[in-house]
Amino acid sequence: MANNQSVKRHLDAFTRGRIIGKLEEGHSVTRTAIRGFSSGRPRGTTPADDRYIVLQARRNRRQTAGEIARHTTQTTGRPISRFTVARRLHVGGLFARRPVRCVPLTPAHRRRRSLWCREHRNWRDNEWGRVLFTDESRFSLSSDSHRILIWRERGSHNHPSNIIERDRYGGRGVLVWGGIMLGSRTDLLIFDAGSVNGTRYCNEILLPYVRLFRGAMDLHFLFMDDNAACHRTVAAEQLLESEDIERMDWPARSPDLNPIEHVWNFLGRRLAARTLPPVTIRELRLALQDEWAAMPQQLIDTLILSMGRRYETCLAVRGDHILY
């Protein structure tokens, strides 16, 4: 009973009454019961503040946590830190992520993309396996670590409010061209300075790369390139026809349907992960060649075999941007 009396003296009147009832029933009092009544740091925001913070992030998804904190502090008159704002946004289901960057799509583009997907809906892996997917991409020396983040929910990558549409990519760097196929790939071409026109496309890509690659394949070889102006010149059309190279019809503004886009992303991540990232154009060129050669063929094959999921996803969103 001495221990029980000591416990009673350290509890307030309300708690003492509840514990006494337990004691009279033969229950014991533990340290856990005492610890439960210790006071902690008061919460910095009210439920109304929490709803206001989430609302501000949804209205302007590019606001930083610090900007939302300053705005909320001015509105409520109480100091609120950016760390508190970030925690409240996480509880509200919003997380800081890089926005998806896509090329702009018009209604006509979406209709054409949907039509193309329906036309190829019955294709099997062996049919996709005979396609040489090609593309150009630009790699820059400038870091992208300062890109703006947005607040978005999980699984909402391609929601219109979370997409940034753009056509051009700047920065000092190099332009490359490559092609991938099930079980194989072309060499990586790194262009010299200057833009690529129809003449350069024929002389530097179609003749030395595509024609020779076509010679190593069987008669079912299918060449895919996008609708860039230099790809659709009369000279390019005539060259492909003279070499008996069949070109695949491709919907405009559809890099998300081309599996080679993931190859460029892979190369970019590999460059950024290097112990000594390239700082000069020469170092960038050498690093790209090394990473292209070291890229696992299994990765390429997996990307090409994802074509079935790509066009099904595109059809599900009626020709809009897809996650791939």
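1. Let's start with a term: a salt bridge is a side-chain nitrogen of Lys or Arg within 4 Å of a carboxyl oxygen of Asp or Glu. D49 and R78 make one, and their closest N and O atoms are 2.0 Å apart. This pair ties together distant parts of the chain, with D49 in helix α4 (residues 47-59) and R78 in the loop between α5 (65-76) and α6 (82-91), 29 residues apart.

2. A quick word on what you're looking at. This is a predicted model, where local features need pLDDT of at least 70 and side-chain atom pairs count only at pLDDT 80 or more, while totals for chains, interfaces and linings use all residues. Residues are numbered from 1 along each chain as its sequence is written, and side-chain values use heavy atoms, with hydrogens and water left out.

3. Helices (H or I, at least four residues) and strands (E, at least two) are DSSP runs, numbered from the N terminus. Buried means under 20% relative accessible area, exposed over 50%, and partly exposed in between (1.4 Å probe, protein chains only). Back to our pair: is D49 buried or exposed? D49 counts as buried because its relative accessibility is 8%, whereas R78, at 32%, is partly exposed.

4. By the salt-bridge rule, the count comes to 15. Another one joins R285 and D192 (3.9 Å, N to O). R285 sits in helix α12 and D192 in the loop between β8 (189-190) and α9 (198-216), 93 residues apart. Here R285 is partly exposed at 27%, and D192 is exposed at 56%.

5. Helix α12 also holds E291, whose partner R274 lies in the loop between α11 and α12, 17 residues apart from it. The closest N and O atoms of E291 and R274 are 3.0 Å apart. E291 is buried, at 7%, but R274 is partly exposed, at 27%. Elsewhere, D225, R232, E237 and R247 are linked in a network of salt bridges.

6. Now for the inside. A nonpolar core is a set of buried Ala, Val, Leu, Ile, Met, Phe, Trp, Tyr and Cys residues joined through side-chain atoms within 4.5 Å. The largest one has 36 residues, and those with the most contacts inside it are W128, F133, M248, W264 and L288. Which helix gives the largest share of this core? That's α11, with 6 residues.

7. Not counting residues up to four places away in sequence, F133 touches (heavy atoms within 4.5 Å) several residues, including W128, I180, M224, W250 and I304.
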